[in-house]
Amino acid sequence: MINKSYTDKEIVVQIKDAFSENGFVRLESFIDVNEYGNLNSRINDEEGEIAKIPDRYSYSLIDNLEVEGLFASDKFNEFLGKVIGKKVGKMTLSVKRFGWKDYTLVHDDEAGKEEIRFFFILTDKWNVEWGGNIVYLTDDGEGQPIVFPITGNSFCIVKKRKDMHSFVKYVNNLAGKNSFVVVEGKIK
Amino acid sequence: MDFAKNMPFPHLLIESFLGEKEAERLALALKKEEFEEKDSDLFSFKQTQDLHYSENKEIKEFVKMLESREFAERIEKISGIKVKKGAFDLAGSLYENTDYLLCHDDELEGRKIAYVYYLCEDFSEKDGGALALLEDDNGKPGKSGKRYSPKWNSLMIFEVSKRSWHEVEEVIGKKKRYAIGGWLH
């Protein structure tokens, strides 16, 4: 599943160090190219169920056991555990599709929660002008926000501190019928 | 004119708010102001500085009109809500293609009435940029109750409360949605 270049012992140590130092890490071409292609093509067939609370979020929830299985697998958990430096405990997973008019907003519910989050992105193509960036920022608004652009087959791990909030930037009309899927995991 | 009875929450659109020439001069003046990009999870648009500080003659006259006792009295008469004479915020806004303001209620201490005075050409459905007023669903925004596409020289006013859920739909295409807006306290 995971791109072999990321499972090399020395590389894993480098990823772990980067995560430890920055509080986040972003890996491109995360899973094997062929596997990614197949997975993306299968998930493209699933529209999902619309989930919308206007002052909080808008997206489609996808119920996909195959994707969820990949990110709940022993191999993935082993890799994740090595990067975050601890055994991966209880994980919650969600799969969401974002297209035109979708977004999530910063919400008080996130305040005070400290957890490890990871997300994996699937898309045929994406242009930064279409919106959709995944953004992490601190309560006081000081410091640089962490911005994860939408890139297919990219994987990010974030140490979400108590004073951090996140949102997915509104996807605008330039996206047309294009969309992307985010597999998001949360670990206490 | 029935501000209080309009649903999903009290509001009113007043058409031909200023004289045609006056509105045209003000629109030209607004376009000369400097607009700064505003961007967050909730919005993406351009905004001027607080127009109280504008040096432009036309804008100063508009501010003076908003500060007048007559304006406060007119608003009170329409809305039944008492506003303090001369206590208001105002800034120019510009929404272009892909700009938007997502759902929120505007509520902040002291704000009684929100206003938007449109200084752009009429927008149609396909241009986006409509002000959508949403129904309240037990303290949360519900379905869209009423939508108003921007209309030249019209003033929209609505009561600010915990249930005044509204949004500016994304502008689609080349039209520029110029307006002056803010809150009366």
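Trainee: Which side chains does Glu76(B) or Lys82(B) meet in a salt bridge?

Mentor: Each other: Glu76(B) and Lys82(B) form a salt bridge, at 3.8 Å from N to O. The term stands for a side-chain nitrogen of Lys or Arg within 4 Å of a carboxyl oxygen of Asp or Glu. This is a predicted model, where local features need pLDDT of at least 70 and side-chain atom pairs count only at pLDDT 80 or more, while totals for chains, interfaces and linings use all residues. Residues are numbered from 1 along each chain as its sequence is written, chains are lettered from A in the order in which they are written, and side-chain values use heavy atoms, with hydrogens and water left out.

Trainee: Is Lys82(B) buried or exposed?

Mentor: Lys82(B) is exposed, at a relative accessible area of 58%, whereas Glu76(B) is partly exposed at 22%. Buried means under 20% relative accessible area, exposed means over 50%, and partly exposed is in between (1.4 Å probe, protein chains only).

Trainee: What about Glu58(B), which side chain does that one meet in a salt bridge?

Mentor: Glu58(B) pairs with Lys57(B), at 3.9 Å from N to O. Glu58(B) counts as buried, with 18% relative accessibility, and Lys57(B) is exposed at 56%. Both belong to a network of salt bridges that also links Arg25(B) and Glu61(B).

Trainee: And Asp122(B), what does it form a salt bridge with?

Mentor: With Lys151(B); the closest N and O atoms are 3.8 Å apart. Asp122(B) sits in the loop between β6 and β7 (131-137) of chain B and Lys151(B) in the loop between β8 and β9 (155-159) of chain B, so the pair ties together parts 29 residues apart in sequence. Strands here are DSSP runs (E, at least two residues), numbered from the N terminus. Asp122(B) is partly exposed at 40%, and Lys151(B) is partly exposed at 30%.

Trainee: How many salt bridges over all chains?

Mentor: The whole structure has 21.

Trainee: Switching to the interface. How many salt bridges between chain B and chain A?

Mentor: One. Asp39(B) forms a salt bridge with Lys169(A), with the closest N and O atoms 3.1 Å apart.

Trainee: Which strands of chain B supply residues to the side that touches chain A?

Mentor: β3 (43-50), β5 (100-104) and β8 (140-148) of chain B each supply at least two residues. The largest share, three residues, comes from β5(B).

Trainee: How many residues does the contact take from chain B and from chain A?

Mentor: 18 residues from chain B and 14 residues from chain A, contact being heavy atoms within 4.5 Å.

Trainee: What area is buried between the two chains?

Mentor: About 1200 Å², and carbon and sulfur atoms give 62% of that. Buried area is the accessible area (1.4 Å probe) that two parts lose on being put together, summed over both. In chain B, Asp41(B), Leu102(B) and Glu170(B) lose the most, together 41% of what that side buries.

Trainee: Last topic, the core. How many residues in the largest nonpolar one?

Mentor: 57 residues, and Phe62(B), Leu90(B), Tyr117(B) and Ile157(B) have the most contacts inside it. A nonpolar core is a set of buried Ala, Val, Leu, Ile, Met, Phe, Trp, Tyr and Cys residues joined through side-chain atoms within 4.5 Å.

Trainee: Which strand gives the most to this core?

Mentor: Strand β6 (residues 113-118) of chain B, with six residues. A second, separate core has 33 residues, including Ile15(A) and Phe120(A).

Methods: Helix = DSSP H or I, 4+ residues; strand = E, 2+ residues; numbered from the N terminus.
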